[in-house]
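Colleague: I would like to go through this entry feature by feature, with the general idea before the case.

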Amino acid sequence: MNPTLPLFFWSEYRKRRKKAALITFALFWGTLSILLLMAFGQGMSAQFRVAFSGLGDTLIMVYGGQTSLEFEGLPKGRPISLYPEDVDFLKERIPEILRAVPESYTFLQVSANGREINRTVHGTTDEFSLMRTQVPRMGGRFLNAADVAEGRKVAFIGWKVAADLFGAEDPIGKPVVINRVPFTVIGVLQKKIQDSMYNGPDADQIYLPFYAYSQIDNRRRVNQIHIQPREAGQSKLIEARVRTLLGRKYRFDPDDRYATSFWNTIEDAKQGLAIFKGIEIFLGIIGALTLLIGAVGVTNLMYAVAKERTKEIGIKLAIGARRRVIVQQFFLETLFVFAKGTFWGFVTAFNIVYLIRLAPINYDSFGIEAYLLRPVFSLQIFAAYMVILAVLVFLSGIFPALRASRSNPIESLRYE
Amino acid sequence: MIELQGITKVYRTGSQVLEALRSVSLTIARGEFISIMGPSGSGKSTLMNIVGCLDTPTAGEYLLDGVNVAGLTFDQLAAVRNRKIGFVFQNFNLLPYATAWENIELPMLFDGKNGRKRRERVTELLNAVGLYDWRDHRPSELSGGQQQRIALARALANDPPILLADEPTGNLDSRSGEEIMAILTELWRDGRTIVMVTHNDHIAALSERTIRLFDGQVLP
């Protein structure tokens, strides 16, 4: 195409664009709707992912249980417990496992700074932080390998525990007495959103090195073992192999669903994400339909323009315009009409998303706002929007343009 | 050279059949200035449309510079109108939204001429018709005579060898009409072929040859 023609079309369009004002508004509105709906949809998905990863990153939790099937002459109803050594037992035998840690917990009296509270206290190892998203606040740290190996009397506490015991003071390096044994606080959990939990949110928990914990809780068995697979796709396989290996060790039927139990967060996350993806697509479709109303307006306008300009088209054909030129002009004008409304819709949606994201989220009473106040304006949304827009521009422009280009020069010239 | 052989044009509207032209044969040499006369409905405009490649005959052969126009596509005909033929209409047919300058520039845009060439040519034409100072005015801000001069300038934009004028003075006062005729005569002297439809004997007298049409036939 000759580059000067679009410029000429633009100058022709400028003279008539006032007529497109209402349609421009419809396009603005449609663009705003589709972009905001998609941004909120994707934001909710993203926040679900964040909230879910508040519990942990691709985790399988293994618990003991009670047999429900007779096995090798043993009766059903036998309790099955897990022990600290089972962690290495499983890790050595299942190469697909990346990390595995034990966790025990009990409800204990905790005091510091003259205040006394009751909280769940956990014993675990250093790799727990990587698996359960335990990010320390600045100035502190989680348990490390030496803490665990030497059974040091140190504690990592949730931010609510810190607030309950120390108020606004920095708890790092301060003593905390747990079940009459003194510990030193080495880290405070950074705020996070967490939608899945056992024993309440991590904000309320206290973590100790496993062997230090053993000294205040004399049960030998562990409450659960956390397993992180090398690849998320191997979670089902690992589950089956854990059941088989533990069944061989503790003598229960590997098909016994109650001898051990699993919380496979990978499978949960998959389902959750599918639901949110569904919502995302649904919102996108609603947005696209809103934009469609604007597009119908443009088609209507361009039909009117084609009729109104019959004579002009006749003149252009008479002085040598090819059909292509007429079609191009209609398409470009359609594009200009779209460009104005959609541009401002885009800018407005972008700013609304930006402003909403500035709103704070209350991490202590994690609720609906955590999902709603974090809309996302991603490249993916932009691409989806552009595809929908391109289809609508094409459909709005093609019919009026073809109609205009099919005109007969003589009849068009006679048209008044 | 324009050669028409047995040109017939039939319009059908429903059951009605109208023979606008009946076997018209006509040869117009390069550089000729001819006028076509005849009463309303005699087929003058239809003949002009066919000569101007705006319309195609129902039967007969039209050779323009030896090329049979019937064999050309819509876009090829558009290219012929763009480069070989300039049109001047009774009602000017300028684009109402465009300025004088833009109207003159348009045929060159369709021909894909570059900006510098277009600027030079539009300036030259505006000066030739004496309306350079009116270049930014829209047709509605110009008098009839001025509009027709702009239309003439537009017809000449791509320097076509043939000018077709359909009652170019029909809507003008006599003074403006004379101005237009003076320009047309000058263009003919420069070597252009001019075919003009007119009702006016005085104006027809300015041409070299007059063809009279009646009921779609050329009178001998």
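## Reading the model

Colleague: How many residues lie between strand 1 and strand 2 of chain B in their hairpin?

Modeller: Two residues lie between these strands, and B:Gly14 in the turn has a positive phi of about 65°. Helices (H or I, at least four residues) and strands (E, at least two) are DSSP runs, numbered from the N terminus. This is a predicted model, in which local features need pLDDT of at least 70, side-chain atom pairs count only at pLDDT 80 or more, and totals for chains, interfaces and linings use all residues. Residues are numbered from 1 along each chain as its sequence is written, and chains are lettered from A and ligands numbered from 1 in the order in which they are written.

Colleague: In which sense do strand 1 and strand 2 of chain B pair?

Modeller: Strands of a sheet pair through backbone hydrogen bonds, either parallel or antiparallel. Two strands count as paired if DSSP finds at least two bridges between them. Here strand 1 (residues 2-13) and strand 2 (residues 16-28) of chain B are antiparallel, with nine bridges. B:Arg12 is placed opposite B:Val17 of strand 2.

Colleague: What is the strand order of the open sheet of six strands in chain B?

Modeller: The order is 6-7-8-3-9-10, with mixed pairing. Strand 6 (85-88) and strand 10 (217-219) of chain B are the edges, each pairing on one side only. Strand 6 runs parallel to strand 7 (residues 162-166) of chain B, joined by four bridges; B:Val88 stands opposite B:Ala165 of strand 7. On average, neighbouring strands are turned by 25° against each other, direction ignored.

Colleague: At what angle do the axes of helix 2 and helix 11 of chain A cross?

Modeller: Two packed helices are described by the angle between their axes and the distance between the axes. Axes are lines fitted to C-alpha atoms, for helices over the stretch in contact, and angles run from 0 to 180 degrees between N-to-C directions. Helix 2 (residues 21-53) and helix 11 of chain A cross at roughly 40°, and their axes come within 7 Å.

Colleague: Which residues of helix 2 and helix 11 of chain A meet?

Modeller: Contact requires C-beta atoms, placed from the backbone, within 7 Å. Helix 2 of chain A brings residues including A:Phe28, A:Leu32 and A:Leu35, and helix 11 of chain A residues including A:Trp344, A:Gly345 and A:Ile352. By class, this contact has 16 nonpolar, seven polar and one charged residues. Ala, Val, Leu, Ile, Met, Phe, Trp, Tyr, Cys and Pro count as nonpolar, Asp, Glu, Lys and Arg as charged, and the others, Gly among them, as polar.

Colleague: How many residues of chain A are in contact with chain B?

Modeller: On the chain A side there are 20 residues, in contact with 21 of chain B. Helix 1 (4-14), helix 10 (310-318), helix 11 (323-358) and helix 14 (409-414) of chain A each supply at least two residues of the chain A side. That side divides into eleven nonpolar, three polar and six charged residues.

Colleague: Is B:Glu141 buried or exposed, and why?

Modeller: A residue is buried with 20 or more other C-beta atoms (placed from the backbone) within 10 Å of its own, exposed with 12 or fewer, and partly exposed in between. B:Glu141 is exposed because 12 other C-beta atoms lie within 10 Å. B:Glu141 sits in the loop between helix 4 (115-128) and helix 5 (144-155) of chain B. Of the 220 residues of chain B, 46% are buried.

Note on methods. Contact = placed C-beta atoms within 7 Å.
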